[in-house]
Amino acid sequence: MMKTRKCKYCKSVFSPITTLQKNCFDPNCVTEWIQEVKQKNWQKKKAKLKMDLMTLSDYIKLAQQVFNKFIRLRDKLTPCISCGNKLGEKFDCGHFYSAGGHWSVRFDERNCSAQCVNCNQHKHGNLIAYRENLLRKIGIEEFENLSAEATKTRKFTIDELKEIIATYKKKIKEIELY
C-alpha cells in the first residue's frame, strides 16, 4: 500500500492509487486539476502557434538576442574590449564588424566581445582600440580569417537561425550552470 499524501489543491490527506497522483478525487480538486492541465496544454499550443507565425526577420531578431546574451555571459568578467574599463551592470555585445553590414560574421564569436555602453553606443564601437585589443585576443591569423569572412555575402534561412538559437541557448544554460 502506498503512503498517504496531501492533496495539491484542498490539502486533505488521501491514499493515492498511483505514484503520480497528486490530488484527491473530490470534484472541486479534479476540476482544478483539469483546468491546470488545459492551461498547460494551451500554453504549449500557443507557443507553437507563435513560432509558426514568426517571419525570417523575427528569427533574426531572436537569434541576435540569444547570441548577444551568450556573449555577455561569456565575457561578463572581462574588461571592455575597447577601453579596458571594468564593465558595469549594463554592458553590450559589441561587434567589431557591424551586425547590420556584415551578415557573414554577425553570429561569429570572434567578432563579438563585451563592450561598455559608452564605447559601443556613444563612441560608435571605439573601433581603433577595439581592433588593437581584438588582435591581442584572437591573434593576427584569426583576425585575418575574420576579416576575410566579413567580406562575404551571407543570407540565413529560418532553419539555420533556429539552429543558431538552439546552439546558443544550450551554451547559455552551460554557462549558467557554472
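In which helix does Ile128 lie?

A: The model is a predicted one. Within it, Ile128 belongs to helix α4, which comprises residues 127-150. Ile128 has a relative accessible area of 67% and therefore counts as exposed, the cut-off being over 50%. In sequence, Ile128 and Ser82 are separated by 46 residues, yet in space their C-alpha atoms are 7.9 Å apart.

The loop between α3 (117-122) and α4 deserves attention next, and His124 is found there. The phi angle of His124 is near 55°, a positive value in a residue that is not glycine. For context, most residues other than glycine have a negative phi. His124 is exposed, because its relative accessible area is 67%. Asn126 lies in the loop between α3 and α4 as well, and Asn126 too has a positive phi, about 45°, although it is not a glycine.

Beyond the other end of α4 comes the loop between α4 and α5 (158-177), where Phe156 is located. Phe67 is buried, with a relative accessible area of 0%. Phe107 likewise counts as buried, because its relative accessibility is 10%. Phe107 also pairs with Phe156; here the centres lie 5.3 Å apart and the planes are at 70°, so this pair is edge-to-face. Because Phe107 is in the loop between β3 and β4 and Phe156 in the loop between α4 and α5, the pair ties together parts that are 49 residues apart in sequence. Phe107 and Phe156 are both buried.

These residues belong to one aromatic cluster, which consists of Phe67, Phe70, Trp103, Phe107, Phe156 and Tyr168. The ring of Trp103 has a charged neighbour: the charged end of Arg106 sits over this ring, 4.3 Å from its centre.

Tyr168, a member of the cluster, is one of the buried residues of α5, together with Leu161, Ile164, Ile165 and Ile172. Around the axis these residues cover an arc of only 100°, which means that they are on the same side of α5.

Two cysteine arrangements complete the picture. A disulfide is a covalent bond between the sulfur atoms of two cysteines. The count of disulfides in this model comes to 0. For Cys116, the closest cysteine sulfur is that of Cys119, at 3.5 Å; because the cut-off is 2.5 Å, this is too far for a bond. Cys116 is buried, since its relative accessible area is 14%. The sulfur of Cys7 has its closest cysteine sulfur in Cys29, at 3.5 Å, which is too far for a bond. Cys7 is buried, with a relative accessible area of 1%.

Lys22 and Cys7 are 15 residues apart in sequence, and the distance between their C-alpha atoms is 6.0 Å. Leaving aside residues up to four places away in sequence, Lys22 touches Arg5, Lys6, Cys7, Lys8 and Phe14.

Key: Residues are numbered from 1 along each chain as its sequence is written. This is a predicted model: local features need pLDDT of at least 70, side-chain atom pairs count only at pLDDT 80 or more; totals for chains, interfaces and linings use all residues. Side-chain values use heavy atoms; hydrogens and water are left out. Buried means under 20% relative accessible area, exposed over 50%, partly exposed in between (1.4 Å probe, protein chains only). Rings of Phe, Tyr and Trp (its six-membered ring) pair if their centres lie within 6.5 Å; planes under 30 degrees apart count as stacked, over 60 as edge-to-face and the rest as tilted. Helices (H or I, at least four residues) and strands (E, at least two) are DSSP runs, numbered from the N terminus. A charge sits over a ring if NZ of Lys or CZ of Arg is within 6 Å of the ring centre and within 35 degrees of the ring normal. The arc is that of the directions from the helix axis to the C-beta atoms. Contact means heavy atoms within 4.5 Å.
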